[in-house]
Amino acid sequence: MDGLFDSGLATVLDVLQMANELRGELPHPPPRWELTRVSGSGAVRTASGHVIEAVAVEDAPRPDLLVVPGAGPKQPEPLLDWVASAERGPQREALRQARADGIPLAAACTSTFLLAEAGVLDGLSATTSWWLAPAFRQAYPLVGLEESNMLAHADGVITAGAAMAHLDLALALVRQASPVLAELTARYLVVDDRPTQAGYAIPSHLARTDPTVSAFERWVRQHIDEPLRMADAARAVGASERTLQRAVDRVLGVSPLRFAQTIRLEQAAHLLRTTDLPTDAVARRVGYENASTLTTLLRQRLGTTPGRLRTPDTPARDGSSRPPRAGRSGRTR
């Protein structure tokens, strides 16, 4: 489609072409990927103005898989208008037809909205860009949104998260053909496993779409080192506990407790990256009794540990920066 993300298209093509080049390293390689760019009517222009030659859908061979890279606006309201517009009608119909014909679909980032608007995600699990999750959940209640996941696998459909998740999506496609080839391709491309988007999400950005949720987020941050008492929180934001529960669930798809944990873990990760406070002290600063609880939550929710979050350039306890360390040549690095 016109306006597609240059990196989204290029990433998918690069990964699959790299997999083709590496097939020969395996004793029993899977078939080569044969790639055909298709559009509604020939060449398209990317968001950066590059012209991509493409075959019209009706002239293309029947695909084994149809991949839709991210395209369109990156903010909720313009994006919802874009996917529902008459101009997108042919693409929505093409997706419905592909689904009816049993052709597997894959999409990432904003294009997950196009699949949802076409109705092909109804009753299925899906993910999308983390910052678009509240709008997606409200617009498409029949879709089981799992926005913390980098990838969501459903019957005949794979969806991926925010823009660079095109990389994860392409590797998932290779993995379906050969897990060994996917691992080899990831090593050549220097790609680490990223099962979750949770570590990239900004809670305050998600909360601002609803005044009650936004007020709750502010209250949690103001009382981040205290035990969480939902009755106190509800009273502070001027709502009943039930209303607060419903508001947070409607906007974010999680309970107030889980959202509060997200905020606390965000702050804990910041402290672990930027100070040398002991993990126990960091835990107490974000409302947990000990390092064990914090470590468990970091591993479960963000897929990391306090040790991994520490960096060589952590400031000293007094707030001053440690001097850069010298390499073997004597120069600083």
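# Briefing on a predicted single-chain model

Val68 is placed in strand E5, which covers residues 66-68, where helices (H or I, at least four residues) and strands (E, at least two) are DSSP runs numbered from the N terminus. The model is predicted, so that local features need pLDDT of at least 70 and side-chain atom pairs count only at pLDDT 80 or more, whereas totals for chains, interfaces and linings use all residues. Residues are numbered from 1 along each chain as its sequence is written, and side-chain values use heavy atoms, with hydrogens and water left out.

**Overall composition**

- The chain has 15 helices and 10 strands, and 45% of its 333 residues count as buried, a class defined as under 20% relative accessible area, with exposed meaning over 50% and partly exposed lying in between (1.4 Å probe, protein chains only).
- The accessible surface of the chain comes to about 17,300 Å², of which 50% belongs to carbon and sulfur atoms; such areas come from the Shrake-Rupley method with a 1.4 Å probe, and for residues only the protein chains shown count as cover.
- Among contacts (heavy atoms within 4.5 Å) between residues at least 6 apart in sequence, 61% join residues at least 24 apart.

**Surroundings of Val68**

- Val68 is buried, because its relative accessible area is 9%, and, leaving aside neighbours within four places in sequence, Val68 is in contact with Met1, Leu95, Ala106, Ala107, Ala108, Ser111 and Leu115.
- The C-alpha atoms of Val68 and Thr112 are separated by 8.4 Å, although these residues are 44 apart along the chain.

**Packing of helices H12 and H14**

- The axes of helix H12 (residues 256-274) and helix H14 (residues 291-302) come within 11 Å and cross at roughly 105°, the axes being lines fitted to C-alpha atoms, for helices over the stretch in contact, with angles from 0 to 180 degrees between N-to-C directions.
- H12 and H14 are therefore roughly perpendicular to each other, given that angles of 65 to 115 degrees count as roughly perpendicular, under 35 as roughly parallel, over 145 as roughly antiparallel and the rest as oblique.
- On the H12 side Arg258, Gln261, Thr262, Leu265, Ala268 and Leu272 take part, and they meet Leu294, Leu297, Leu298, Arg301 and Leu302 in H14.

**Salt bridges**

- With a salt bridge defined as a side-chain nitrogen of Lys or Arg within 4 Å of a carboxyl oxygen of Asp or Glu, the count comes to seven.
- The side chains of Arg137 and Glu147 meet in a salt bridge at 2.7 Å, N to O, and this pair links distant parts of the chain, with Arg137 in helix H5 (residues 133-139) and Glu147, 10 residues apart from it, in the loop between strand E8 (144-145) and strand E9 (151-154).
- Arg137 is buried at a relative accessible area of 16%, and Glu147 is buried at 17%.
- Glu183 forms a salt bridge with Arg187, the closest N and O atoms being 3.0 Å apart; both lie in helix H7 (residues 179-188), four residues apart, about one turn of the helix.
- Glu183 is partly exposed at 42% relative accessible area, whereas Arg187 is exposed at 61%.
- Arg221 forms a salt bridge with Glu266, with the closest N and O atoms 2.8 Å apart, and this pair links distant parts of the chain, 45 residues apart, from helix H9 (residues 211-222) to helix H12.
- Glu217, Arg221 and Glu266 are linked in a network of salt bridges.
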